[in-house]
Amino acid sequence: GQTVYSIAEETERGASVGNIAKDLGIDAATLSARKFRMITGSSKQYFNINASTGALSVNEPIDREQLCELKSVCLLNYELVLENPLELYRMEFKVLDINDNSPSFPLSEYHINMPEFLSPGARFTLPNAQDLDEGANGVQNYTLSPDEHFYLEMQLHGDGSKYPELVLKKALDREQQATHRLVLTAKDGGDPPKSGDVPVIVTVLDTNDNAPEFEHSLYRASILENSPSGTLVVQVHATDLDEGPNGEVRYSFSNTTSADLQRMFSIHPHTGEVTVNGVLAVQRPLLEMLIEARDNGAFGMSSTAKLLVEITDVNNHGPEITITSLSSPIPEDAAPGTVIALLSILDKDPGENGKVTCQISENLPFQLKPSLQNYYSLVTSELLDRELISEYNITITAMDLGSPPLTTQRTVWVQISDVNDNPPVFSVDAFDVFVEENNPLGAFLYQVSASDPDIGENGRVSYTLRNSTVAGSALTSFLSMNLANGSIYAKRAFDFEQLRNFHFQVEAKDNGSPALSAAIRVNVYISDQNDNAPAILYPTSQNGSVAVEVVPRLADEDYLVTKVVADDEDNAQNAWLSYHLAHASDSTLFQLSPHTGELRTTRSMRSTDFLKHKVVVVVRDHGEPPLSSTVTVGILLADTLPQALPDFDDSGEPPPLLNATNIYLIVSLACVSFIFAAFVFFLAIVRL
């Protein structure tokens, strides 16, 4: 079960509360053996149990107000735990209040302000006293010290609690008595009762019947335009004959003063000092403001004064350059005087500080011309050439006439657009092209190139062959050209023996409008190849017969038998001919000059020599590979020319069928025939 004990607060240590063993019916002798202990949620152990007798006593005095504060019932809960067997008992201690606290007020002194114009019956709430005790020991009533102007009445709150009110019994007169000192006393219902006092000071307030007055109705001041924030402009002063708040004056700008001026200036509410509050960004030299002085009365009264501030200009604004119109890029063929840009130049300073001069660099093909007020035109002063300078950074410098002058610069970027004013240009006066004859069809011959300093389509060059004829035929039947890159190709094989050189013109044209062009001469030189064998001009044979030369029988040594004459249509070393004796019926009788082709006797003729001789002469050029031709000469030893020439198929001696010379001739003829057949076959393939 639960046992309830009552104990007055502040009971001294050791005082008896009861006997727990007797009250709970427990044998006191078993408390120690059963390991009794008291458990509580309180931070302090306020009670103690005697283990021998079970007597319950105060371990520490209890302060009810500290423990339970303002609770109407103050309870302490304990639990008694016993073991063997385990048993749990609840104990409740009710702490009873005693009148150990006096009433007290939250403040040591209370002030009440009463205007002197109040009528009797006016009420003012007085403060409540606080008493930590409860019930009858709490605050029961209030009393007020005697005064002819005031009395005390008790009023009820909605919850039934009482509070004191101070009631005005007689009208106040500040001029007779400005302050009334009263004492409010609170009493409790304890025995004996306790009380607490607090002074109540009533201050009679003056009636606000005087407006502040300025010393001057008009104030004048002058400051520099660049005055820093905090600079003192002027100090105004007004007085009020009233006392207290009614005589305290506060300064401010009137509502009729523009918000911009109120941001630029500030006025101290108590001292009346007008100072600069920010940047003086105004264009007017004279500023007008109204200053208001108002007292702190309940119904504040006010008056105004005018403040005129003259702003002295300083040169603190540099010229401002604004590009209102810009034409970029401009064509390079723009005529002098063409307008490129329109500039607006403005200086916010007045007077000389706001006058501006403007210029650009002298080494530019541009100039500035004044236009309307504060406007300039940027125009070309001479012809432009994009190929020399394709863009300009024009720095415009504006300077005012202030002291010191302020300068502003602005850069305008002007691009020059291209016009087709440059024809294509070749790097040389003529091109020389060298090509070997018998070239393959479509062979690359040469690439002409021209440059055009213009850009885009104006600088894109195409190439064409100008109409002309070569050896009676159209040029286009010989050559073709790549229009884009100027490459020239052969459309047929050239033959040095038929055409050794020719020339033509190539035209280079840009893609501008109108298009510009240039032409150049191209000289083509065809170089020789060894493609022609020597031709025997003398001696000649007719119908396949052997040419016959008659030599006197008694011819001396070094007798000129004949001279072999040959020609080669090739050129240079391909046409250099040499003569060789390929076969002779008597090798000891004849000799052949390799350079002149002269066939002479090596000795005097003898009677024993055969009458008929046959000589084979080979004519060879110096080409690579060399080509050759042969001629057979029959030699008849006779003093007179016979009427009929003998047959030289048989030389009159039995020549060997296969000697070294015959083998050489056969091999040479076979090689030459093979080479010629291969060359003809190659030409046929190329033509097909």
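Modeller: Let's start at the turn: the hairpin of β28 and β29 has four residues between the strands, and N374 there takes a positive phi near 70°. A quick word on names: strands (E, at least two residues) and helices (H or I, at least four) are DSSP runs, numbered from the N terminus. Keep in mind that this is a predicted model, where local features need pLDDT of at least 70, side-chain atom pairs count only at pLDDT 80 or more, and totals for chains, interfaces and linings use all residues. Residues are numbered from 1 along each chain as its sequence is written, and side-chain values use heavy atoms, with hydrogens and water left out.

β28 covers residues 366–370, and five bridges tie it to β29, antiparallel. Two strands count as paired if DSSP finds at least two bridges between them. One spot to look for is P370, whose bridge partner in β29 is Y376.

β29 also pairs with β26 (residues 339–346), again antiparallel and through five bridges. Here V339 has V379 as its bridge partner in β29. "Buried" means under 20% relative accessible area, while exposed is over 50% and partly exposed lies in between (1.4 Å probe, protein chains only).

Zooming out, buried residues make up 38% of the 688 residues in the chain. The chain has four helices and 51 strands. An automatic or database assignment sets the domain bounds, and domain 4 runs over 320–417, one of the domains listed from domain 1 (2–94) to domain 6 (535–637).

How does the radius of gyration of the chain stand against that of a compact globule? The chain has 71 Å, but a compact globule of 688 residues would be near 26 Å. That radius is taken over C-alpha atoms, and the globule rule is 2.2 Å times the number of residues to the power 0.38. The C-alpha atoms fill a box of roughly 200 × 100 × 40 Å along the principal axes.

Finally, contacts (heavy atoms within 4.5 Å): of those in the chain with a separation of 6 or more, 66% are between residues 24 or more positions apart.
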